[in-house]
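Here is a short briefing on a sheet, the helices on it and the nonpolar cores. Look at the model first, then read the points below.

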Amino acid sequence: MTRRTALHASHTALGAKMGEFAGYDMPLYYKEGVLSEHEWVRSRAGLFDVSHMGQIILHGPEEDIIKFWEQVTPSSFAKLGDGAAKYTVLTSPKGGMIDDLIVTRIWHNKFFAVLNAGRKSVDIEWLRKHLPESVTLEYSDMESLLAVQGPDSEKVMRETFGLDVSDMNYMSGKYFDLGHAASLVSRLGYTGEDGFEISVSPNEAPRIWRQLIEHPDIMPVGLAARDSLRLEMGYPLYGHDIDETTSPAEANLSWILRDKSGPKPARLRVGVKLLDKGIAREGAEIRNEVGKKIGALTSGGFSPSLKESIGMGYIEAAMSAVGTNIFVHVRGRDIPAVVVAMPFVPARTKMKKAAH
Amino acid sequence: MAVLKYTNDHECVKIEGDIAWVGITKYAQEALGDLVYVELPSVGKKVKKGEYFAVVESVKTAAEVYSPVDGEVIEANDNMPTDLEMIKSPVGEQGWIAKIKISDPAQLANLMDEAAYKKYLESL
(Lines give C-alpha, C1' and ligand atoms only; values in the text may rest on other atoms or scores of the structure.)
Protein backbone atom coordinates (compact mmCIF):
# COMPACT_ATOMS: atom_id res chain seq x y z
CA MET A 1 0.00 0.00 0.00
CA THR A 2 1.62 3.24 -1.08
CA ARG A 3 1.47 6.10 1.37
CA ARG A 4 0.36 9.65 0.74
CA THR A 5 1.71 12.96 1.97
CA ALA A 6 -0.60 15.64 3.36
CA LEU A 7 -0.33 17.36 -0.04
CA HIS A 8 -1.46 14.42 -2.18
CA ALA A 9 -4.78 16.05 -3.08
CA SER A 10 -2.94 19.28 -4.01
CA HIS A 11 -0.84 17.34 -6.52
CA THR A 12 -3.71 15.48 -8.16
CA ALA A 13 -5.72 18.74 -8.34
CA LEU A 14 -2.83 20.24 -10.32
CA GLY A 15 -2.89 17.28 -12.73
CA ALA A 16 0.39 15.78 -11.54
CA LYS A 17 1.65 12.57 -13.03
CA MET A 18 2.04 10.48 -9.90
CA GLY A 19 4.41 7.61 -9.30
CA GLU A 20 5.73 5.48 -6.48
CA PHE A 21 8.89 6.64 -4.70
CA ALA A 22 10.18 5.09 -1.46
CA GLY A 23 6.73 3.74 -0.68
CA TYR A 24 4.95 7.06 -1.32
CA ASP A 25 2.69 8.08 -4.17
CA MET A 26 4.55 11.21 -5.23
CA PRO A 27 4.29 13.78 -8.06
CA LEU A 28 6.84 12.99 -10.79
CA TYR A 29 5.94 16.04 -12.85
CA TYR A 30 3.03 18.38 -13.38
CA LYS A 31 1.34 19.75 -16.51
CA GLU A 32 4.29 21.84 -17.68
CA GLY A 33 6.54 18.79 -17.86
CA VAL A 34 9.93 18.03 -16.39
CA LEU A 35 12.01 20.19 -18.77
CA SER A 36 9.96 23.33 -18.07
CA GLU A 37 10.00 22.61 -14.35
CA HIS A 38 13.75 22.16 -14.37
CA GLU A 39 14.32 25.41 -16.27
CA TRP A 40 11.88 27.26 -14.03
CA VAL A 41 13.86 26.29 -10.91
CA ARG A 42 17.05 27.55 -12.56
CA SER A 43 15.44 30.86 -13.53
CA ARG A 44 12.58 31.57 -11.07
CA ALA A 45 11.45 29.33 -8.17
CA GLY A 46 9.96 25.87 -7.91
CA LEU A 47 7.77 24.43 -5.16
CA PHE A 48 8.41 20.83 -4.10
CA ASP A 49 6.62 18.49 -1.72
CA VAL A 50 9.33 16.49 0.04
CA SER A 51 7.18 15.36 2.95
CA HIS A 52 8.19 11.76 2.31
CA MET A 53 11.54 12.57 3.89
CA GLY A 54 12.11 11.83 7.57
CA GLN A 55 12.39 14.68 10.07
CA ILE A 56 13.79 14.18 13.54
CA ILE A 57 14.53 16.43 16.50
CA LEU A 58 17.14 15.71 19.16
CA HIS A 59 17.05 17.32 22.61
CA GLY A 60 19.59 17.01 25.34
CA PRO A 61 22.78 18.41 26.83
CA GLU A 62 24.77 19.91 23.97
CA GLU A 63 27.99 18.05 24.71
CA ASP A 64 26.07 14.75 24.68
CA ILE A 65 24.34 15.51 21.38
CA ILE A 66 27.59 16.63 19.76
CA LYS A 67 29.33 13.50 21.02
CA PHE A 68 26.46 11.44 19.65
CA TRP A 69 26.64 13.03 16.18
CA GLU A 70 30.40 12.54 16.14
CA GLN A 71 29.86 8.88 16.99
CA VAL A 72 27.32 8.14 14.22
CA THR A 73 28.80 10.43 11.54
CA PRO A 74 32.41 11.06 10.42
CA SER A 75 31.95 14.85 10.69
CA SER A 76 32.88 17.40 13.33
CA PHE A 77 30.05 19.15 15.15
CA ALA A 78 31.97 21.06 17.80
CA LYS A 79 32.09 24.27 15.74
CA LEU A 80 28.55 24.13 14.38
CA GLY A 81 26.93 27.33 15.60
CA ASP A 82 23.33 27.87 16.62
CA GLY A 83 21.16 27.97 13.51
CA ALA A 84 23.82 26.40 11.29
CA ALA A 85 23.24 23.29 9.16
CA LYS A 86 25.67 20.69 7.95
CA TYR A 87 25.63 17.92 5.33
CA THR A 88 26.95 14.59 6.58
CA VAL A 89 26.38 10.83 6.44
CA LEU A 90 25.64 8.05 8.88
CA THR A 91 28.52 5.61 8.66
CA SER A 92 28.27 1.88 9.24
CA PRO A 93 30.86 -0.08 11.26
CA LYS A 94 32.30 -1.31 7.94
CA GLY A 95 32.85 2.25 6.75
CA GLY A 96 29.94 2.36 4.31
CA MET A 97 27.11 4.86 4.40
CA ILE A 98 23.75 4.11 6.01
CA ASP A 99 22.29 7.39 4.75
CA ASP A 100 23.16 10.97 3.99
CA LEU A 101 21.47 13.77 5.87
CA ILE A 102 21.49 17.43 6.80
CA VAL A 103 21.78 18.23 10.49
CA THR A 104 20.78 21.67 11.78
CA ARG A 105 21.69 22.90 15.22
CA ILE A 106 18.57 24.95 15.91
CA TRP A 107 19.95 26.11 19.23
CA HIS A 108 22.48 24.80 21.69
CA ASN A 109 20.53 21.79 22.95
CA LYS A 110 18.15 21.18 20.05
CA PHE A 111 19.14 19.62 16.72
CA PHE A 112 17.04 18.88 13.64
CA ALA A 113 17.87 16.40 10.88
CA VAL A 114 16.30 15.39 7.57
CA LEU A 115 16.65 11.77 6.42
CA ASN A 116 15.99 10.08 3.09
CA ALA A 117 12.49 8.64 2.74
CA GLY A 118 13.72 5.20 1.79
CA ARG A 119 16.11 5.04 4.75
CA LYS A 120 14.30 6.79 7.58
CA SER A 121 13.15 3.68 9.41
CA VAL A 122 16.61 2.06 9.16
CA ASP A 123 18.23 5.33 10.28
CA ILE A 124 15.99 5.84 13.26
CA GLU A 125 16.51 2.31 14.49
CA TRP A 126 20.28 2.82 14.13
CA LEU A 127 20.21 6.22 15.85
CA ARG A 128 18.09 4.98 18.75
CA LYS A 129 20.49 2.09 19.23
CA HIS A 130 23.35 4.53 19.80
CA LEU A 131 21.44 7.29 21.54
CA PRO A 132 22.71 8.18 25.03
CA GLU A 133 20.09 8.19 27.77
CA SER A 134 20.42 11.94 28.22
CA VAL A 135 19.30 12.63 24.62
CA THR A 136 15.75 12.25 23.32
CA LEU A 137 14.92 11.62 19.68
CA GLU A 138 11.53 12.87 18.50
CA TYR A 139 10.21 11.47 15.28
CA SER A 140 6.79 11.95 13.79
CA ASP A 141 6.24 10.20 10.51
CA MET A 142 3.54 12.74 9.67
CA GLU A 143 5.39 16.06 9.50
CA SER A 144 5.34 17.83 6.15
CA LEU A 145 8.28 19.38 4.33
CA LEU A 146 7.98 21.86 1.47
CA ALA A 147 10.89 23.20 -0.55
CA VAL A 148 11.06 26.48 -2.45
CA GLN A 149 14.08 26.41 -4.77
CA GLY A 150 15.34 28.91 -7.30
CA PRO A 151 16.84 32.40 -7.59
CA ASP A 152 13.50 34.06 -6.72
CA SER A 153 13.09 32.07 -3.49
CA GLU A 154 13.93 34.94 -1.13
CA LYS A 155 11.46 37.20 -2.93
CA VAL A 156 8.78 34.50 -2.80
CA MET A 157 9.26 34.03 0.95
CA ARG A 158 9.05 37.78 1.51
CA GLU A 159 6.01 38.37 -0.67
CA THR A 160 4.09 35.28 0.46
CA PHE A 161 4.70 35.30 4.19
CA GLY A 162 6.17 38.76 4.81
CA LEU A 163 9.39 37.10 5.96
CA ASP A 164 12.66 38.92 5.87
CA VAL A 165 15.14 36.13 5.25
CA SER A 166 17.78 38.35 3.64
CA ASP A 167 20.19 37.95 6.57
CA MET A 168 19.96 34.14 6.64
CA ASN A 169 23.07 32.31 5.51
CA TYR A 170 22.88 29.38 3.15
CA MET A 171 22.96 26.19 5.29
CA SER A 172 21.10 27.69 8.23
CA GLY A 173 17.67 27.42 9.78
CA LYS A 174 15.43 29.21 12.23
CA TYR A 175 11.81 29.45 13.33
CA PHE A 176 9.40 31.88 11.73
CA ASP A 177 5.71 32.52 12.20
CA LEU A 178 4.03 31.53 8.94
CA GLY A 179 0.59 32.61 10.10
CA HIS A 180 -0.39 29.94 12.56
CA ALA A 181 2.49 28.38 14.42
CA ALA A 182 6.25 28.64 14.52
CA SER A 183 7.74 26.73 11.58
CA LEU A 184 11.35 25.82 10.98
CA VAL A 185 12.57 27.46 7.80
CA SER A 186 15.98 26.32 6.54
CA ARG A 187 17.96 27.98 3.78
CA LEU A 188 19.29 24.98 1.87
CA GLY A 189 18.21 22.45 -0.72
CA TYR A 190 19.02 19.81 -3.30
CA THR A 191 19.01 21.85 -6.51
CA GLY A 192 22.12 24.05 -6.36
CA GLU A 193 19.94 27.15 -6.31
CA ASP A 194 19.16 29.43 -3.42
CA GLY A 195 16.13 28.12 -1.59
CA PHE A 196 14.28 27.18 1.55
CA GLU A 197 12.81 24.11 3.16
CA ILE A 198 9.79 24.66 5.36
CA SER A 199 8.91 22.13 8.03
CA VAL A 200 5.23 22.29 8.97
CA SER A 201 2.52 20.13 10.49
CA PRO A 202 0.38 18.13 8.07
CA ASN A 203 -2.62 20.29 9.04
CA GLU A 204 -0.79 23.43 7.96
CA ALA A 205 0.90 22.03 4.85
CA PRO A 206 -2.02 22.43 2.38
CA ARG A 207 -2.49 26.08 3.38
CA ILE A 208 1.23 26.86 3.06
CA TRP A 209 1.31 25.06 -0.32
CA ARG A 210 -1.74 27.01 -1.52
CA GLN A 211 -0.24 30.34 -0.49
CA LEU A 212 3.03 29.59 -2.24
CA ILE A 213 1.49 28.19 -5.41
CA GLU A 214 -0.42 31.46 -5.93
CA HIS A 215 2.80 33.42 -6.19
CA PRO A 216 3.43 34.27 -9.87
CA ASP A 217 7.10 33.26 -9.64
CA ILE A 218 6.24 29.76 -8.38
CA MET A 219 5.69 26.58 -10.39
CA PRO A 220 5.10 23.16 -8.77
CA VAL A 221 8.00 20.81 -9.49
CA GLY A 222 8.00 17.03 -9.24
CA LEU A 223 10.56 14.43 -8.33
CA ALA A 224 11.74 13.94 -11.94
CA ALA A 225 13.10 17.49 -12.13
CA ARG A 226 14.40 17.21 -8.56
CA ASP A 227 16.53 14.35 -9.87
CA SER A 228 17.81 16.16 -12.98
CA LEU A 229 18.54 19.29 -10.90
CA ARG A 230 20.59 17.40 -8.32
CA LEU A 231 22.38 15.44 -11.06
CA GLU A 232 23.58 18.71 -12.61
CA MET A 233 24.99 19.65 -9.20
CA GLY A 234 26.75 16.31 -8.76
CA TYR A 235 24.85 15.72 -5.52
CA PRO A 236 24.76 11.99 -4.70
CA LEU A 237 21.40 10.23 -4.41
CA TYR A 238 21.32 7.63 -1.68
CA GLY A 239 20.73 4.09 -2.93
CA HIS A 240 22.23 4.98 -6.29
CA ASP A 241 25.44 7.00 -5.93
CA ILE A 242 26.16 6.14 -2.31
CA ASP A 243 25.17 3.21 -0.12
CA GLU A 244 26.51 0.80 2.49
CA THR A 245 29.16 -0.46 0.04
CA THR A 246 30.70 2.96 -0.63
CA SER A 247 32.79 5.05 1.76
CA PRO A 248 32.69 8.86 2.04
CA ALA A 249 36.23 9.08 0.64
CA GLU A 250 35.33 6.95 -2.38
CA ALA A 251 32.21 9.03 -2.89
CA ASN A 252 34.35 12.17 -3.10
CA LEU A 253 32.86 13.38 0.17
CA SER A 254 36.17 13.70 2.04
CA TRP A 255 35.27 17.32 2.80
CA ILE A 256 32.74 16.10 5.39
CA LEU A 257 35.37 14.06 7.29
CA ARG A 258 36.85 15.41 10.53
CA ASP A 259 39.80 13.02 10.01
CA LYS A 260 40.96 13.33 6.42
CA SER A 261 44.10 11.24 6.92
CA GLY A 262 42.71 7.95 5.60
CA PRO A 263 44.32 6.03 2.72
CA LYS A 264 43.61 7.13 -0.83
CA PRO A 265 40.69 5.06 -2.13
CA ALA A 266 41.13 2.70 -5.09
CA ARG A 267 38.07 4.12 -6.81
CA LEU A 268 36.41 7.51 -6.82
CA ARG A 269 33.04 8.98 -7.66
CA VAL A 270 33.52 11.32 -10.62
CA GLY A 271 31.48 13.33 -13.07
CA VAL A 272 31.20 12.07 -16.65
CA LYS A 273 30.16 13.93 -19.75
CA LEU A 274 29.37 12.16 -23.03
CA LEU A 275 31.13 13.55 -26.09
CA ASP A 276 28.83 11.92 -28.64
CA LYS A 277 25.07 11.56 -28.93
CA GLY A 278 23.24 9.15 -26.67
CA ILE A 279 22.21 9.02 -23.05
CA ALA A 280 23.92 6.84 -20.47
CA ARG A 281 22.06 5.86 -17.33
CA GLU A 282 22.66 4.15 -14.03
CA GLY A 283 24.47 0.83 -14.48
CA ALA A 284 26.23 1.72 -17.73
CA GLU A 285 29.81 0.38 -17.80
CA ILE A 286 32.68 2.85 -17.90
CA ARG A 287 35.49 1.49 -20.11
CA ASN A 288 39.01 2.46 -21.09
CA GLU A 289 40.27 2.81 -24.66
CA VAL A 290 40.77 -0.96 -25.05
CA GLY A 291 37.26 -1.77 -23.87
CA LYS A 292 38.16 -2.91 -20.36
CA LYS A 293 35.66 -2.11 -17.63
CA ILE A 294 37.05 0.49 -15.22
CA GLY A 295 33.85 1.53 -13.47
CA ALA A 296 30.13 2.07 -13.82
CA LEU A 297 27.65 4.92 -13.76
CA THR A 298 25.50 5.24 -10.65
CA SER A 299 23.38 8.05 -12.13
CA GLY A 300 23.11 9.45 -15.60
CA GLY A 301 20.82 11.33 -17.87
CA PHE A 302 20.16 14.38 -19.93
CA SER A 303 21.11 17.76 -18.49
CA PRO A 304 18.33 20.20 -19.36
CA SER A 305 20.61 23.16 -18.55
CA LEU A 306 23.57 22.00 -20.66
CA LYS A 307 21.58 20.07 -23.29
CA GLU A 308 24.21 17.36 -22.91
CA SER A 309 24.39 13.89 -21.45
CA ILE A 310 25.96 13.74 -18.03
CA GLY A 311 26.39 11.18 -15.30
CA MET A 312 28.38 10.18 -12.27
CA GLY A 313 29.92 6.94 -11.22
CA TYR A 314 32.82 5.18 -9.61
CA ILE A 315 35.99 4.79 -11.61
CA GLU A 316 39.44 3.38 -10.88
CA ALA A 317 41.44 6.09 -9.10
CA ALA A 318 44.17 6.06 -11.77
CA MET A 319 41.55 7.02 -14.38
CA SER A 320 39.71 9.55 -12.25
CA ALA A 321 41.56 12.76 -13.13
CA VAL A 322 39.48 15.50 -14.75
CA GLY A 323 40.06 15.41 -18.50
CA THR A 324 40.67 11.66 -18.72
CA ASN A 325 39.16 10.22 -21.88
CA ILE A 326 36.90 7.25 -21.24
CA PHE A 327 34.02 5.40 -22.88
CA VAL A 328 30.55 4.64 -21.59
CA HIS A 329 28.93 1.48 -22.88
CA VAL A 330 25.31 1.90 -23.93
CA ARG A 331 23.41 -0.82 -25.80
CA GLY A 332 26.40 -2.27 -27.62
CA ARG A 333 28.09 1.05 -28.30
CA ASP A 334 31.14 2.56 -26.55
CA ILE A 335 30.30 6.26 -26.44
CA PRO A 336 33.35 8.57 -26.06
CA ALA A 337 33.20 10.47 -22.78
CA VAL A 338 35.41 12.48 -20.46
CA VAL A 339 35.85 12.78 -16.71
CA VAL A 340 34.72 16.26 -15.66
CA ALA A 341 34.58 18.24 -12.43
CA MET A 342 31.31 18.48 -10.54
CA PRO A 343 29.07 20.38 -10.28
CA PHE A 344 28.30 20.27 -14.00
CA VAL A 345 26.44 23.56 -13.63
CA PRO A 346 27.78 26.22 -11.21
CA ALA A 347 25.98 26.25 -7.86
CA ARG A 348 24.20 29.49 -7.08
CA THR A 349 23.45 28.81 -3.46
CA LYS A 350 23.57 31.90 -1.32
CA MET A 351 26.96 31.91 0.42
CA LYS A 352 27.37 35.04 2.49
CA LYS A 353 29.90 33.43 4.76
CA ALA A 354 30.73 29.91 5.81
CA ALA A 355 28.05 28.76 8.19
CA HIS A 356 29.90 25.77 9.55
CA MET B 1 -5.80 2.60 -48.11
CA ALA B 2 -3.58 2.74 -45.05
CA VAL B 3 -4.70 1.21 -41.78
CA LEU B 4 -3.53 1.97 -38.26
CA LYS B 5 -2.61 -0.91 -35.94
CA TYR B 6 -1.39 -1.05 -32.36
CA THR B 7 0.77 -3.30 -30.19
CA ASN B 8 0.64 -4.23 -26.49
CA ASP B 9 3.83 -2.21 -26.06
CA HIS B 10 2.17 0.95 -27.35
CA GLU B 11 3.67 1.13 -30.79
CA CYS B 12 1.41 2.69 -33.37
CA VAL B 13 1.80 1.21 -36.86
CA LYS B 14 0.62 2.45 -40.21
CA ILE B 15 0.49 -0.37 -42.75
CA GLU B 16 0.83 0.71 -46.35
CA GLY B 17 1.27 -2.17 -48.73
CA ASP B 18 4.27 -4.14 -47.41
CA ILE B 19 5.68 -1.22 -45.42
CA ALA B 20 5.05 -0.65 -41.70
CA TRP B 21 5.54 2.91 -40.44
CA VAL B 22 6.22 2.60 -36.71
CA GLY B 23 5.79 5.27 -34.04
CA ILE B 24 4.59 5.32 -30.45
CA THR B 25 1.07 6.00 -29.21
CA LYS B 26 -0.11 9.07 -27.32
CA TYR B 27 -0.38 6.87 -24.23
CA ALA B 28 3.31 5.96 -24.48
CA GLN B 29 4.28 9.59 -25.07
CA GLU B 30 2.41 10.69 -21.98
CA ALA B 31 3.88 7.90 -19.88
CA LEU B 32 7.40 8.95 -20.89
CA GLY B 33 7.00 12.68 -20.40
CA ASP B 34 9.32 15.17 -22.09
CA LEU B 35 11.55 13.43 -24.62
CA VAL B 36 15.21 14.33 -24.89
CA TYR B 37 16.61 11.86 -27.41
CA VAL B 38 15.65 9.29 -30.02
CA GLU B 39 18.11 6.61 -31.08
CA LEU B 40 17.28 5.57 -34.64
CA PRO B 41 18.07 2.24 -36.32
CA SER B 42 20.39 2.12 -39.28
CA VAL B 43 18.85 1.52 -42.68
CA GLY B 44 19.17 -2.11 -43.74
CA LYS B 45 18.94 -3.39 -40.16
CA LYS B 46 17.09 -6.70 -40.03
CA VAL B 47 14.51 -6.76 -37.25
CA LYS B 48 12.42 -9.47 -35.68
CA LYS B 49 8.92 -9.03 -34.32
CA GLY B 50 9.19 -8.03 -30.67
CA GLU B 51 12.83 -6.95 -30.87
CA TYR B 52 13.72 -3.33 -30.26
CA PHE B 53 14.93 -1.30 -33.18
CA ALA B 54 14.89 2.20 -31.67
CA VAL B 55 15.03 3.83 -28.25
CA VAL B 56 13.15 6.91 -27.10
CA GLU B 57 14.57 8.62 -24.05
CA SER B 58 12.84 11.01 -21.69
CA VAL B 59 14.54 12.91 -18.88
CA LYS B 60 13.68 10.11 -16.51
CA THR B 61 13.84 6.92 -18.51
CA ALA B 62 14.63 5.12 -21.74
CA ALA B 63 12.00 3.10 -23.59
CA GLU B 64 12.71 0.60 -26.32
CA VAL B 65 10.55 0.66 -29.41
CA TYR B 66 9.76 -2.85 -30.59
CA SER B 67 9.22 -3.97 -34.15
CA PRO B 68 5.64 -5.13 -34.77
CA VAL B 69 6.82 -7.52 -37.49
CA ASP B 70 9.85 -9.31 -38.92
CA GLY B 71 11.45 -7.26 -41.64
CA GLU B 72 14.11 -4.77 -42.62
CA VAL B 73 14.45 -1.08 -41.83
CA ILE B 74 14.22 0.79 -45.11
CA GLU B 75 14.12 4.33 -43.73
CA ALA B 76 14.66 6.09 -40.41
CA ASN B 77 13.16 9.48 -39.58
CA ASP B 78 16.45 11.38 -39.53
CA ASN B 79 14.75 14.66 -38.67
CA MET B 80 13.24 13.37 -35.46
CA PRO B 81 16.33 13.51 -33.17
CA THR B 82 16.64 17.24 -33.78
CA ASP B 83 12.88 17.87 -33.69
CA LEU B 84 11.50 15.61 -30.97
CA GLU B 85 8.06 17.22 -31.21
CA MET B 86 7.63 15.21 -34.41
CA ILE B 87 6.87 12.11 -32.39
CA LYS B 88 3.56 13.67 -31.36
CA SER B 89 2.29 14.00 -34.91
CA PRO B 90 0.38 11.12 -36.54
CA VAL B 91 2.51 8.12 -37.44
CA GLY B 92 1.51 8.46 -41.11
CA GLU B 93 2.72 12.08 -41.20
CA GLN B 94 5.85 12.97 -39.18
CA GLY B 95 5.37 10.73 -36.15
CA TRP B 96 7.05 7.64 -37.60
CA ILE B 97 10.41 6.60 -36.20
CA ALA B 98 11.26 4.06 -38.91
CA LYS B 99 9.70 2.33 -41.89
CA ILE B 100 10.05 -1.43 -41.92
CA LYS B 101 9.60 -3.66 -44.98
CA ILE B 102 7.35 -6.47 -43.80
CA SER B 103 8.66 -9.95 -44.56
CA ASP B 104 5.78 -11.96 -43.10
CA PRO B 105 2.38 -10.28 -43.60
CA ALA B 106 0.71 -13.05 -41.58
CA GLN B 107 2.13 -11.44 -38.42
CA LEU B 108 -0.10 -8.42 -38.96
CA ALA B 109 -3.06 -10.47 -37.77
CA ASN B 110 -1.73 -10.25 -34.21
CA LEU B 111 -1.89 -6.46 -34.09
CA MET B 112 -4.82 -4.61 -32.56
CA ASP B 113 -7.10 -2.20 -34.37
CA GLU B 114 -7.99 1.11 -32.76
CA ALA B 115 -11.07 -0.20 -30.95
CA ALA B 116 -9.15 -3.16 -29.51
CA TYR B 117 -6.29 -0.91 -28.41
CA LYS B 118 -8.71 1.44 -26.64
CA LYS B 119 -10.17 -1.52 -24.80
CA TYR B 120 -6.66 -2.70 -23.93
CA LEU B 121 -5.79 0.72 -22.46
CA GLU B 122 -8.90 0.63 -20.29
CA SER B 123 -7.78 -2.75 -18.94
CA LEU B 124 -4.40 -1.41 -17.79
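In this predicted model, five strands of chain A make an open sheet, ordered β5-β6-β7-β4-β8. Their pairing is antiparallel.

**Strand pairing**
- β5(A) runs antiparallel to β6 (residues 97–107) of chain A, and seven bridges join the two.
- A:V89 has A:D100 of β6(A) opposite it.

**Helices on the sheet**
- Helix α3 of chain A, residues 62–72, packs on the sheet.
- Helix α3 of chain A touches β4 (54–59), β5, β6 and β7 (110–115) of chain A, and its direction makes about 135° with that of β4(A).
- Helix α4 of chain A, residues 120–130, lies across β4, β5, β6, β7 and β8 of chain A.
- Helix α4 of chain A runs at about 165° to β8(A).

**Nonpolar cores**
- The largest nonpolar core has 26 residues.
- Within that core, B:I24, B:F53, B:V56, B:V65 and B:I97 touch the most other members.
- At least two residues of this core come from each of β2 (11–16), β3 (19–24), α1 (26–32), β4 (35–39), β6 (52–58) and β9 (98–102) of chain B.
- Leaving aside residues up to four places away in sequence, B:F53 touches residues including B:V22, B:L40, B:V65, B:Y66, B:I97 and B:I100.
- Another core, of 25 residues, lies apart from the largest one; A:L47, A:L178, A:I198 and A:V200 are among its members.

Conventions: Residues numbered from 1 in each chain as written. Chains lettered and ligands numbered in written order. Predicted model: local features only at pLDDT ≥ 70, side-chain atom pairs only at ≥ 80, totals over all residues. Heavy atoms only, no water. Pairing = 2+ DSSP bridges. Helix = DSSP H or I, 4+ residues; strand = E, 2+ residues; numbered from the N terminus. Contact = heavy atoms within 4.5 Å. Axes fitted to C-alpha atoms, helices over the stretch in contact; angles between N-to-C directions. Core = buried A, V, L, I, M, F, W, Y, C linked by side-chain atoms within 4.5 Å. Buried < 20%, exposed > 50% of the residue type's maximum accessible area, 1.4 Å probe, protein only.
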